[in-house]
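Dear colleague,

I am handing over the structure below, and my notes on it follow. Please read them with the sequence and the coordinates open beside you.

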Amino acid sequence: MTITPLMPVYPRCEVRPVRGEGVYLYGENGEQYLDFASGIAVNLLGHGHPHLTKAIQNQAAQLMHVSNLYGSPQGERLAQRLVDLTFADTVFFTNSGAEAVECAIKTARRYHHAKGQPHKHDLITFSNAFHGRTMATISATNQEKLRDGFAPLLPGFKVVEFDNLDAALAAVDDHTAGFLIEPVQGEGGIRPASKEFIQGLRKACDDNDLMLVFDEVQCGMARTGTLFAYEQYGVEPDILASAKGIGGGFPLGACLATEKAAQGMVIGTHGSTYGGNPLAMAAGEAVLDVVANDEFLAHVRQMGDRLRAALEQMIPNHDGLFDSVRGMGLMLGIKMKTDSRAFVNWLRGQGLLAVAAGDNVMRVLPPLVIDDNHIREFVDRLSQAAAVYEVPAEAL
Ligand SMILES: *Cc1c(COP(=O)(O)O)cnc(C)c1O
């Protein structure tokens with residue numbers, strides 16, 4: 001037997017965390033890491049945040065799970081808060097991002113079905129998108145590495161170039177249900193869509209009665225400095241998928257929709273055994289308690305500006321390695337002139353955690369609770385590491 005007990009689908013590295021404290025992780029032998037990866041934009045309160053930890057502990061002792069066949073005071077509370085804070089009128093809770101996107105896809109198709117137009121089932125999606133690893137969500141991207149070997153994929157998706165409004169509009173036909181887009185692409189390389197593009201999609205949806213579906217699994221939940229990224233584009237979606245940061249590390253996702261968009265989602269059309277269980281709701285509420293206020297969001301924007309400025313100041317000292325910084329708030333990416341994956345791997349050995357992404361970008365996704373000292377430490381150590389980095393032969 002050579003296969004590992006953990007199905008070997010991840011290139012697991014030598015970092016083996018067993019404990020976390022704030023912005024730091026600790027390995028099996030006590031090694032310390034500065035965590036500017038946050039479980040890939042998940043641990044937005046860092047590790048071991050007392051309010052989140054206590055909320056989970058208390059709820060676990062009170063009531064962990066019951067069936068969705070019963071009334072849910074816990075779910076009603078969190079859904080009401082999300083409704084009050086966003087464009088949405090209704091929420092379906094899931095356990096992951098891909099499931100939140102699946103619910104969004106089903107909601108969009110079901111909208112047209114409910115309106116007597118079941119032939120409107122195609123979603124237009126965008127190059128280098130990442131929507132998850134389920135069959136529908138890999139069918140919704142053109143990234144070959146996600147799809148290879150999993151044919152037949154699901155029909156009903158049409159991929160066009162990201163941030164190209166003409167291409168998106170030209171792809172609309174009588175079968176189009178709407179657009180599915182990350183306003184800021186994450187895995188694809190921290191690429192914010194332009195305002196004109198997003199507003200153009202909104203207008204096309206208004207003109208043709210189509211659904212605008214945002215995948216804010218990575219860019220949502222305060223990451224960009226507003227509770228959701230769409231607030232910075234001056235438009236509202238019809239449907240939005242959230243996950244990652246929404247549970248602060250507890251597995252939780254949500255599909256938010258307007259009443260109009262959700263008109264087809266009636267009794268019996270969708271479900272989840274775990275989705276929205278009381279333990280997950282307690283985690284979601286604890287995260288909102290901390291992040292959903294002006295003071296915290298202003299902190300995220302300020303830290304984002306300072307981290308970005310510090311990175312931009314550092315780049316000219318290593319201009320053989322780094323090209324530029326992009327992103328919004330604390331969802332930042334450093335475009336590299338060499339293989340970002342090799343560099344991120346090497347940084348781990350230096351005690352610094354970041355995440356590689358497409359287009360040779362290194363993602364910098366710190367917990368949102370960082371302060372100036374963490375920024376200084378990260379940039380100083382990154383600069384020191386960059387100074388002695390030797391590009392490995394296979395990355396040239
Ligand atoms: C991570 C991610 C997903 C998938 O989330 P999972 O919880 O891994 O299923 C979907 N969309 C975007 C934009 C993501 O970043």
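Helices (H or I, at least four residues) and strands (E, at least two) are taken here as DSSP runs and numbered from the N terminus. This is a predicted model, in which local features need pLDDT of at least 70 and side-chain atom pairs count only at pLDDT 80 or more, while totals for chains, interfaces and linings use all residues. Residues are numbered from 1 along each chain as its sequence is written, and side-chain values use heavy atoms, with hydrogens and water left out.

Leaving aside residues up to four places away in sequence, Arg341 touches Ala356, Ala357 and Gly358, where contact means heavy atoms within 4.5 Å. Between Arg341 and Gly245 there are 23 Å in space, C-alpha to C-alpha, and 96 residues in sequence.

Within H11, which covers residues 340-349, the residues Ser340, Ala342, Phe343, Val344 and Leu347 are buried. The buried residues of this helix pack against strands S13 (322-328), S14 (331-336), S15 (352-353), S16 (355-357) and S17 (361-364), and also against H12. Just after H11, Gly351 takes a positive phi of about 85°.

The chain as a whole

The chain holds twelve helices and 17 strands. Its radius of gyration is 21 Å, close to the 21 Å that the globule rule gives for 396 residues, so the chain is as compact as a globular protein of that length; the radius is taken over C-alpha atoms, and the rule is 2.2 Å times the number of residues to the power 0.38. Along the principal axes, the C-alpha trace spans about 65 × 55 × 55 Å. Buried residues make up 53% of the 396 residues, and of the contacts with a separation of 6 or more, 72% are between residues 24 or more positions apart. The chain exposes about 17600 Å², of which carbon and sulfur atoms supply 51%; accessible areas come from the Shrake-Rupley method with a 1.4 Å probe, and for residues only the protein chains shown count as cover.

Aromatic rings

A search of the whole structure finds ten aromatic pairs. Rings of Phe, Tyr and Trp (its six-membered ring) pair if their centres lie within 6.5 Å, and planes under 30 degrees apart count as stacked, over 60 as edge-to-face and the rest as tilted. The rings of Phe36 and Phe378 have centres 4.3 Å apart and planes at 10°, so this pair is stacked. The pair links distant parts of the chain, 342 residues apart, with Phe36 in the loop between strand S3 (32-35) and helix H1 (38-41), and Phe378 in helix H12 (residues 372-388). Both Phe36 and Phe378 are buried. Elsewhere, Phe126, Phe162, Phe179 and Phe197 form one aromatic cluster. The charged end of Arg19 sits over the ring of Tyr26, 4.3 Å from its centre, the criterion being NZ of Lys or CZ of Arg within 6 Å of the ring centre and within 35 degrees of the ring normal.

Cys255 is in no disulfide, and the nearest cysteine sulfur, that of Cys103, is 3.6 Å away. Cys255 is buried, with a relative accessible area of 3%, whereas Cys13 is partly exposed at 27%.

Backbone details

A cis peptide bond joins Ala151 and Pro152, with omega about 0°, and Pro152 is found in the loop between helix H6 (144-147) and strand S6 (157-160). Asp209, in the loop between helix H8 (195-208) and strand S10 (211-215), has a phi near 55°, a positive value in a residue other than glycine. Asp209 is partly exposed, with a relative accessible area of 23%, and touches Tyr111, His112, Lys115 and Lys260, not counting residues up to four places away in sequence. Lys244, in the loop between strand S11 (239-242) and strand S12 (253-257), likewise has a positive phi, near 40°.

How values were computed
Buried means under 20% relative accessible area, exposed over 50%, partly exposed in between (1.4 Å probe, protein chains only). A disulfide is a pair of cysteine sulfur atoms within 2.5 Å.
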